[in-house]
Amino acid sequence: QVQLVESGGGLVQAGGSLRLSCAASGRTLNDYTIAWFRQAPGKGREFVGLVSWNPGRTYYRNSVKGRFTISRDNGKKMVYLQMNSLQPEDTAVYYCAASGLTLPGNPSDYHSWGPGTQVTVSS
């Protein structure tokens, strides 16, 4: 199994940027697809994006395309979520999660989750 811990959350103004990090331990990151999810108060958990390990593709929900970028550094066992042009609706707890599937399609496909990091975007 792999253990995950997120960092980099905080308070930013609308239009600002933030980079989240997901640090992995326990196994090589090469074996896993890593996804980012988020959950706002009163809302369900929603998919943000993912980066697969093979063939190494990225996918994003439509509302963040062009603003968010996911990258990975397997040597450092790190995955990053670069968030630009942040808006108040991006406010949520952000989680990274790992799956053994190349393109996992739902939360049940993810066996490891980090504890989350809070992102707050002010107006």
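Helices (H or I, at least four residues) and strands (E, at least two residues) are DSSP runs, numbered from the N terminus. The model shown is predicted: local features need pLDDT of at least 70 and side-chain atom pairs count only at pLDDT 80 or more, whereas totals for chains, interfaces and linings use all residues. Residues are numbered from 1 along each chain as its sequence is written, and side-chain values use heavy atoms, with hydrogens and water left out.

**Figure 1. Overall fold of the protein.** The secondary structure consists of 0 helices and 11 strands, and the pattern along the sequence reads β-β-β-β-β-β-β-β-β-β-β. The C-alpha trace spans about 40 × 25 × 25 Å along its principal axes. The radius of gyration, taken over C-alpha atoms, is compared with a globule rule of 2.2 Å times the number of residues to the power 0.38. For 123 residues a compact globule would have a value near 14 Å, and the 13 Å of the protein agrees with this. Buried residues (under 20% relative accessible area; exposed is over 50% and partly exposed lies in between, with a 1.4 Å probe and protein chains only) make up 41% of the 123 residues. Of the contacts (heavy atoms within 4.5 Å) with a separation of 6 or more, 58% are between residues 24 or more positions apart.

Figure 2. A pair of aromatic rings is described by the distance of the centres and the angle of the planes. Rings of Phe, Tyr and Trp (its six-membered ring) pair if their centres lie within 6.5 Å; planes under 30 degrees apart count as stacked, over 60 as edge-to-face and the rest as tilted. The structure holds 4 aromatic pairs. In one of them, the ring centres of F37 and Y110 are 5.3 Å apart and the planes stand at 85°, so this pair is edge-to-face. F37 belongs to strand β4 (residues 33–39) and Y110 to the loop between β9 (92–99) and β10 (112–113), so the pair ties together parts 73 residues apart in sequence. Both F37 and Y110 are buried. The rings of F37 and W113 have centres 5.0 Å apart and planes at 45°, so that pair is tilted. This second pair also links distant parts of the chain, with F37 in strand β4 and W113 in strand β10, 76 residues apart. The relative accessibility of F37 is 4%, whereas W113 is partly exposed at 28%. Ring pairs join F37, F47, Y110 and W113 into a cluster.

**Figure 3. Nonpolar cores.** A nonpolar core is a set of buried Ala, Val, Leu, Ile, Met, Phe, Trp, Tyr and Cys residues joined through side-chain atoms within 4.5 Å. The largest core has 28 residues, and W36, L81, M83 and Y94 have the most contacts inside it. The elements that give two or more residues to this core are β3 (18–25), β4, β5 (46–51), β7, β8 (78–83), β9 and β11 (117–122). Another core, of 5 residues, lies apart from it and includes A35, F37, A97 and Y110.

**Figure 4. Surroundings of R72.** R72 is placed in strand β7 (residues 68–73). A polar atom of the R72 side chain lies 3.0 Å from the backbone oxygen of Y32. The side chains of R72 and N74 form a polar contact of 2.8 Å. A polar contact is a pair of N or O atoms within 3.5 Å; within protein, one must be able to donate a hydrogen and the other to accept it, and residues adjacent in sequence count only if both atoms are side-chain atoms. With neighbours within four places in sequence left aside, the contacts of R72 include L29, N30, V51, W53 and M78.

Figure 5. Most residues other than glycine have a negative phi. K77, not a glycine, has a positive phi of about 55°; K77 lies in the loop between β7 and β8 and is partly exposed at 28% relative accessibility. S85, also not a glycine, has a positive phi of about 50°. S85 is found in the loop between β8 and β9 and is partly exposed at 35%. G116 is in the loop between β10 and β11 and is partly exposed at 23%. Not counting residues up to four places away in sequence, G116 touches E6, V93, Y94 and Y95. The C-alpha atoms of G116 and A92, 24 residues apart along the chain, are separated by 9.6 Å.
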